[in-house]
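Thank you all for coming. Please have a look at the sequence and the structure on the screen, and then I will walk you through a few places in it.

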Protein chains: 2
Amino acid sequence: MRTITAGDIHAMDKLVRVQFATSLPGPKPICLIGTVNASGQTNLAPFSSVVHLGSNPALLGMISRPDVVERHTLANILETKVYTINHVHVGMVDAAHQCSARYPREVSEFSATGLHEHWEDSYAAPFVKESRLRIGMVLEDVLDIAANGTLMIIGRVSIVQTESVADDGSLDLCALESVASTALDTYFGITPLARFAYAKADRQPRRL
Amino acid sequence: MRTITAGDIHAMDKLVRVQFATSLPGPKPICLIGTVNASGQTNLAPFSSVVHLGSNPALLGMISRPDVVERHTLANILETKVYTINHVHVGMVDAAHQCSARYPREVSEFSATGLHEHWEDSYAAPFVKESRLRIGMVLEDVLDIAANGTLMIIGRVSIVQTESVADDGSLDLCALESVASTALDTYFGITPLARFAYAKADRQPRRL
């Protein structure tokens, strides 16, 4: 094993350090966040930091930097209080990555990348038509992360659109071809490995 | 597409709702968190909420409920201010899942599951010997998430141990066989899909 210290990380060139540090969590989610401003200008941005906070109510968090590319997303969410989370599948990974380019505010990543807006009558933010799992969120809170000036955007799940949900509540992410990611540039397919029964202290692990 | 509303989610049976809500982020990381209390009792618990917060300094967050299984982990981190994050690979997924069982405080998940402690002279929390990517963390902050009473544990990367890091800072998660997860019971292998050049607004996506 090779050991890398905090000093080694600090001494890395900036791009090397970002590549290294953004790989540390392991395989991460990758979702497109759909928003619109009060003038109707839509925006779409990839986030790899969507995290489950609770099930009742269903709450999800995601991390935003106060500056750079996520700025349009953050500004739009603060303005309209709604946003969508759209899974990325294998066939849309090129377009999804392209949404990370720094388009000017007046250019929508939807038209720039060929992805299509999908609107629901009762919901004021754009979904991604091509996505196979779409979540409409309502802003609940924005937390300041004092440690480095980032923010956690916290939202409540309002509606979910997907092809199928099993009777036990599970979503078949392999059938949806949802992808995983690492760093800011790398995407993975997923394959079934194991599903386990609820673990108990007095028995061995039991695969379902 | 089927549409599931917040009302539908609220009306689900509890286990169905948890299964559904914990599947929504898509493929998630899964890491084992190693801790020890002041008396030397070690603990190991799976977390699927590790998230990148920043690269300089390298900061990672993770979500903890104030109660239930993560309680030992949270209590130990607050007591000692250190903890380890250990990637799970394909060959250790049964043992990793078993760490989610509710063992009494005096039982270490290391001995209960057959995983082995690895200690470094300069670092006061146990790593998982079998893990192929191990991160030693120092507690930086604990944020209250008022929306549902959960907490975000924020730590600074102190040391990283792994087999290899590429010159550009990237970690080959496929070679490490790091797994992804969904819900609280399902694990995936990952396969290479694409790596892209930095996206620019004036050119098409370019695969590396």
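Before I begin, one definition: when I say helix or strand, I mean a run assigned by DSSP, where a helix has at least four residues and a strand at least two, and these are numbered from the N terminus. Please also keep in mind that this is a predicted model.

Let me start with helix 3 of chain A, which spans residues 71-80. Its buried residues are His72(A), Thr73(A), Leu74(A), Asn76(A) and Ile77(A), and among the elements that cover them are strand 2, strand 3 and strand 10 of chain A. Just after this helix comes Lys81(A), which takes a positive phi of about 70°.

Now to where the chains meet: 93 residues of chain A are in contact with 93 residues of chain B. On the side of chain A that touches chain B, strand 12, residues 186-195, gives the most, with 10 residues, and that side divides into 52 nonpolar, 29 polar and 12 charged residues. Strand 10 of chain A also pairs with strand 1 of chain B, in the antiparallel sense and over four bridges, and there Gln161(A) has Thr3(B) as its bridge partner.

Leaving aside neighbours within four places in sequence, Gln19(B) is in contact with Asp168(A), Gly169(A) and Ser170(A) from chain A, and with Ala183(B) from chain B.

Technical notes. Residues are numbered from 1 along each chain as its sequence is written. Chains are lettered from A and ligands numbered from 1 in the order in which they are written. This is a predicted model: local features need pLDDT of at least 70, side-chain atom pairs count only at pLDDT 80 or more; totals for chains, interfaces and linings use all residues. Two residues are in contact if their C-beta atoms, placed from the backbone, lie within 7 Å. Ala, Val, Leu, Ile, Met, Phe, Trp, Tyr, Cys and Pro count as nonpolar, Asp, Glu, Lys and Arg as charged, and the others, Gly among them, as polar. Two strands pair if DSSP finds at least two bridges between them. A residue is buried if 20 or more other C-beta atoms lie within 10 Å of its own, exposed if 12 or fewer, and partly exposed in between; C-beta atoms are placed from the backbone.
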